[in-house]
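Subject: Structure for you to look at

Hello,

Here is the structure I said I would pass on. Please open it beside this email, and then read the notes below.

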Amino acid sequence: MVNCCGLLTAQKEPVPLKSVDVELEVRDHVATVVSTLNYENKEDKPLEAVFVFPLPGDAAVCHFSAKLRQTQIVAEVKEKQKAREDYDDALSSGQQAFLLEESEQSPDIFSMSVGCLPPGESASIRLEYVTELSVQADDGLRFCLPAVLNPRYQPQGSGGSGSGNAQVTSTPASLVPYTLTFSAQVSSPRPVSRIESSCSLDPLQYLNSEQTKATIKLAAGHKFDRDVELLIYYKDAHQPTAVVETGEATAKLGTLMGDPVVMLSLYPEFPQAVMSSVASCGEFVFLLDRSISMGGRMNNSKTDQTRISSARDTLLLLLKSLPMGCYFNIYSFGSSYEHIFPKSVEYSQQTMEEALKKVGEMESNLGGTEILRPLEHIYNQPCIQNQPRQVFVFTDGEVGNTKQVIDLAKKNSHAHRCFSFGIGEGASSALINGLAKEGGGHAQFITGTDRMQPKVMQSLRYALQPAVVDISVTWDMPKDVSVTVLSPPITALFQGQRSLVYARLSGQISEAAEGGVTVKYSLAGHPSQNQLQFSLKPAENTGLTVHRLAARTLIRCLEMEEREPGQQQDDSVRKKVVELSVQSGVSSAFTAFIAVNKDSGEAIQGPLVRRNVPTARLNSLSMSNSLSSYSAEPHGRKISECCDLMSSGPDSVERDGMDPAESTWKSFIGGLFGFKAKKTVKLSGTRPFDSGECRPCQPPIDPLLQVVSLQKASGCWDLAPALATALGKTSEEMEKPKPASVNQEVWATILSLIWLHGFKMDSQEEWELLAVKAVSWVRAQNSPCVNECVEAGNALLGCKVQKDALGL
């Protein structure tokens, strides 16, 4: 009889994991994370506890140990199969053992097995990793402690879900039965201006008068039921830096761990004259996730937009912001995929309207998240001459074949740039960051209360920048010092975005010596360069953080090389990865951490009971329509998630009705372009009904989206009743003050620009590009009385916007 005291899952099974304690230390843009997982066996049989959980996709796991009573057992890194065998041998002989390994499908999923935990015993598992913090569009550094592990869809035939897999429980986030404590210490050469979070925080505390050191922690009562995201802001963040770290004293000279390693953080600054110009060419391909899970709420709240409706709003802004003369297409995918046009078409009023009609009809009804096939189709399309292709991927990231998708982006990076957007909590950081990094683009995460539109428009601005080509990095070092670069070549540079370079230094290095690096590149035909001089004196108190990040970078490069065609018969690359992983103590796809308690005395008796520790998943539409569990073979064999999200076909799941936000959007777009929203009958104009079922009141239409939706592809607006309504006026009020010598389109366009500047400056980054297009259109008309129009428009709308502010 199982004693069911203590923590229980929703299935009333005991949970041996009691709590998770996390300590974060951030030094400038590098984070060291120490997680302590506290286990307790309150049953009357020995346990094996298996926990499948997410980590940041670019984390370098570098320490794993267990504390049992007063005994500390430190794990070592071994080749994965050997580690598994050692674990099995230990369990079969009644010894306590611990195994930690990375998923073979995705580097952001790990499995921890705690074997032979005796009745009444406790164990504390310490897991440590280091990671780089990515730079966001608003210059914040993003740290995310992932708690949510949403089911990853395995495409049919991918071999991801074997028949012998045992279930690893996932549970709705609100029912996670263990707690989290979290604290962070931040230090930087520059002052810490603020720290923001998706979770409630205690007030920021500064540790010195210069405000270069600070601490923060989660407010009391937080449950580990959602991702913990921190955004850290420094003053004067765009400063190139170099950190030199001395090697490990016991390691052999001439090896990665024995020699000093330098980490360069480069922030290119481009000439303003070049940056002010916006490309008028390009092929823009938008790839939208329409899997069932995209019907979930943005912030896991009933009052928020669904992910799919937010994505539709974003596509509206994107389509309005594209320059005349470019080409575009829109793909959507789930278990199958669709495209609006057979091939990319030239951007015009007609093609834009046709695309918007189709976008307005898009729902989250295409089954599972199978992104590989539509990407292959896009990459197989012939490129249009002098129209560089830019691919924008919108997904909630519930993808199982992550490495295949990333490899495809890398293979095609010579002709395509890929901009990726992770929507909602639980999006795979390995997928989103990997697509952008290997695809030469930029990654964004939209979580918490974030609006998708500002982040996407920032990426569109990057895509419209001239591509940086002919990038080279040259080193200027003392004559007795040689440099071995460990990072892959830089393939993409963006204004204000950081590039990291790791290199091993060997030879006679004097602490007084200096080194230098020069980054050369060509931007819109203009040769440019940025230089950085730095001291070769090793930094203090860095431990081996830089070495481990460098090892992780090299390991990931080798793993990708191992997956390239032609490597199947040659395991030399795999051997290099194992050797480097063991030498550096950093996890890889081919190694695992193994610890065995050989001093436990007598063997533990009795049958071993397996307990799967539940992982948080969000309650979303996907969970009610899918098998929402993870699977892993016993003892952390191949980790694969067996949630077949209605893979029998795109039409196998049909919702009875639309979300209120969806019906609002459809009715709105339908009114503009003359089609009907399906399944929706509006009664009294305020409450939509689906199949006779009463739904909550629909949210009001965003006035900004109303105004934006009425703009023509050329950049102008018509003086139409719909525009008058959107601006809060009647048609008569709009027409009366119009100067007689000005045509209606110029007047309507200037009014719209005044309204945007007068009432929507807080959303400027969302409409800035379409306003630039509008200004260019007005200038091209050579219209008289522009000053008079601006004055009359200000008087009509009650604004005080200057002509210069409009760009006119």
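**Phenylalanine 53 and its surroundings**

Not counting residues up to four places away in sequence, phenylalanine 53 touches Leu100, Asp108, Ile109, Phe110, Ser111, Met112, Leu127 and Leu149, where contact means heavy atoms within 4.5 Å. This is a predicted model, in which local features need pLDDT of at least 70 and side-chain atom pairs count only at pLDDT 80 or more, while totals for chains, interfaces and linings use all residues. Residues are numbered from 1 along each chain as its sequence is written, and side-chain values use heavy atoms, with hydrogens and water left out.

Phenylalanine 53 lies in strand β3. Helices (H or I, at least four residues) and strands (E, at least two) are DSSP runs, numbered from the N terminus. At 8% relative accessibility, phenylalanine 53 counts as buried; buried means under 20% relative accessible area, exposed over 50%, and partly exposed in between, with a 1.4 Å probe and protein chains only. Phenylalanine 53 and phenylalanine 110 are 57 residues apart along the chain, yet their C-alpha atoms are separated by 5.6 Å.

**The chain as a whole**

The chain has 808 residues, and 59% of them are buried. Its secondary structure comes to 19 helices and 40 strands. Of the contacts with a separation of 6 or more, 75% are between residues 24 or more positions apart.

**Cavities**

A cavity is a set of points on a 1 Å grid over the protein atoms alone where a 1.4 Å probe fits but cannot get out, and lining residues have an atom within 4 Å of a point. Grid points are joined across faces, edges and corners, and a volume is the space filled by probe spheres set on the points. By this rule there are 5 cavities of 30 Å³ or more.

The largest cavity holds about 290 Å³ of space. It is lined by 25 residues, and those nearest its centre are Pro56, Arg142, Cys144, Ser429 and Phe445. At least two lining residues come from each of β9 (122-132), β11 (141-145) and α7 (429-438). The most come from β11, which gives 3 residues. By class, the lining of the largest cavity has 10 nonpolar, 8 polar and 7 charged residues. Here Ala, Val, Leu, Ile, Met, Phe, Trp, Tyr, Cys and Pro count as nonpolar, Asp, Glu, Lys and Arg as charged, and the others, Gly among them, as polar.

The second largest cavity holds about 170 Å³. Of the 16 residues that line it, Val20, Phe51, Phe53, Pro54 and Phe224 are the closest to its centre. Two or more lining residues come from each of β1 (17-27), β2 (30-40), β3 (47-54) and β9. The largest share, 3 residues, belongs to β3. This lining has 14 nonpolar and 2 polar residues, and no charged ones.

Helix α4 (residues 349-360) has 12 residues and reaches 16 Å from its first C-alpha to its last, close to the 16 Å expected at 1.5 Å a residue. The expected span is 1.5 Å times one less than the number of residues. Thr351, Met352, Ala355, Leu356, Val359 and Gly360 are the buried residues of α4. Seen down the axis of α4, these fall within an arc of 165°, so they line one face of the helix. The arc is that of the directions from the helix axis to the C-beta atoms. An α-helix has 3.6 residues a turn, so residues three or four places apart point the same way.

Helix α10 (residues 572-584) has 13 residues. Its buried residues are Val573, Val577, Val578, Leu580, Ser581 and Ser584. They fall within an arc of 170° seen down the axis of α10, so they too line one face of the helix. Lys575 and Glu579 are exposed on the other side of α10. The cover over its buried residues includes β6 (76-79), α9 (545-562) and β33 (591-597). After α10 comes glycine 585, whose phi is positive, near 75°.

**A residue in a loop**

Proline 739 is in the loop between α15 (731-735) and α16 (744-759). With a relative accessible area of 5%, proline 739 is buried. Leaving aside neighbours within four places in sequence, proline 739 is in contact with Trp747, Glu788 and Cys789. Cysteine 789 is 50 residues from proline 739 along the chain, and their C-alpha atoms are separated by 6.6 Å.

Regards

Methods
1 Å grid on protein atoms, 1.4 Å probe; cavity = no way out; pocket = protein on both sides within 12 Å on 5 of 7 lines; lining within 4 Å.
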